[in-house]
Amino acid sequence: MKKILSIDGGGIRGIIPAKILCKIEEITGKPISAMFDLVAGTSTGGLIALALSMPSSDKSAPKYSAEDVLKLYIERGGDIFARDKVQRFINPYGIFEELYSKQGIEKVLDDYFFNANLSDCVTNTMVTSYDIHSRMPVIFKSWLSEKGREPDLPLKSVGRATSAAPTYFEPVRLKLGDTNGALALVDGGLFANNPTMCALAEYLKLFGRDEEILIISLGTGDLVRRFEYNQAKNWGKMSWINPIISIMFQGASVTVDYQVRQMMQAFGLEHNYYRYQTPLDLGNDDMDDSSQENIDALLDEADQILTSNEDKLNGMCKKLL
């Protein structure tokens with residue numbers, strides 16, 4: 001049986017899938033990378049995927065556990081989404097430039113990914129981004145870098161590219177190899193906030209349909225904030241900027257869940273598709289709310305998923321083993 005892990009985008013809400021992954025490692029006693037043949041992620045999910053696939057110094061095992069990744073969000077989330085008083089005064093709503101300086105997130109990526117490259121990943125790992133130069137999706141694939149079929153990029157550069165959410169962080173200019181061209185990359189959530197369909201397509205290309213497949217897809221919370229008609233009918237371009245990003249990301253995630261569910265039913269494998277998601281009844285649906293209050297609420301959201309899906313989770317972990 002081939003096994004796929006897919007992790008949605010969602011900024012600080014990556015706390016939710018990170019905690020679920022902690023529980024999976026606790027039940028199985030194995031690192032995530034040892035149980036999955038393909039790990040896919042977008043934006044914050046891309047960072048989780050890269051961290052869990054990053055090798056230790058002797059490359060004998062992954063460097064980070066899911067617990068380490070969860071601590072990253074809890075302890076360093078405020079560093080990623082940090083704004084000084086001057087920024088808050090001259091650019092309060094991100095109207096004139098991105099809300100956050102790249103220095104914060106790049107420092108965290110440096111601290112965690114060091115000099116590791118995409119080819120070093122201990123399992124097949126794919127991460128999404130989008131090139132605004134060519135107007136095309138970009139999917140980084142560790143196995144192609146390992147075989148020399150694509151440039152071998154630093155994990156921190158790939159992590160920066162997948163998480164460059166418009167209006168939050170500036171795009172990433174990334175030069176590939178010795179070519180004269182360069183990519184201008186933004187958050188992969190613009191086309192695949194839920195990367196499960198991308199992962200399924202790659203699975204079919206890598207492994208074909210001869211083997212049974214198990215898919216575990218982790219969301220970062222369904223957005224429940226309402227946009228009232230009486231407000232939205234008078235919105236112009238400026239007012240639509242933040243809502244439209246939220247709507248696009250949410251819509252893409254739900255649509256992909258439907259598509260994958262239908263495909264797995266067509267394969268006769270609907271019992272091998274697990275999607276863990278929850279309405280954000282407690283936590284803030286903003287991607288950048290790294291306050292302690294919201295972190296605690298997101299941890300509670302994850303606990304609700306684990307409690308309400310205990311039997312399902314245990315059965316799934318038996319399949320993983």
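F169 is buried, at 4% relative accessibility. Buried here is under 20% relative accessible area, exposed over 50%, partly exposed in between, with a 1.4 Å probe and protein chains only.

Some ground rules. This is a predicted model, where local features need pLDDT of at least 70, side-chain atom pairs count only at pLDDT 80 or more, and totals for chains, interfaces and linings use all residues. Residues are numbered from 1 along each chain as its sequence is written, and side-chain values use heavy atoms, leaving out hydrogens and water.

Now the rings. Phe, Tyr and Trp (its six-membered ring) pair if their centres lie within 6.5 Å; planes under 30 degrees apart are stacked, over 60 edge-to-face, the rest tilted. That rule gives 8 aromatic pairs. One of them is F81 with Y100: centres 5.4 Å apart, planes at 70°, so edge-to-face. F81 is in the loop between helix 4 (66-80) and helix 5 (85-90), and Y100 in the loop between helix 5 and helix 6 (102-113), so the pair ties together parts 19 residues apart in sequence. Helices (H or I, at least four residues) and strands (E, at least two) are DSSP runs, numbered from the N terminus.

F81 is buried at 13%. Y100 is buried at 8%. Y100 also pairs with F169, tilted, at 5.9 Å centre to centre and 40° between planes. F169 sits in the loop between helix 8 (155-162) and strand 5 (172-175), so this pair ties together parts 69 residues apart in sequence. Ring pairs link F81, Y100 and F169 into a cluster.

Last, charges over rings. The criterion: NZ of Lys or CZ of Arg within 6 Å of the ring centre and within 35 degrees of the ring normal. R209 has its charged end over F267, 4.1 Å from the ring centre. K312 lies over the face of Y276, at 4.6 Å.
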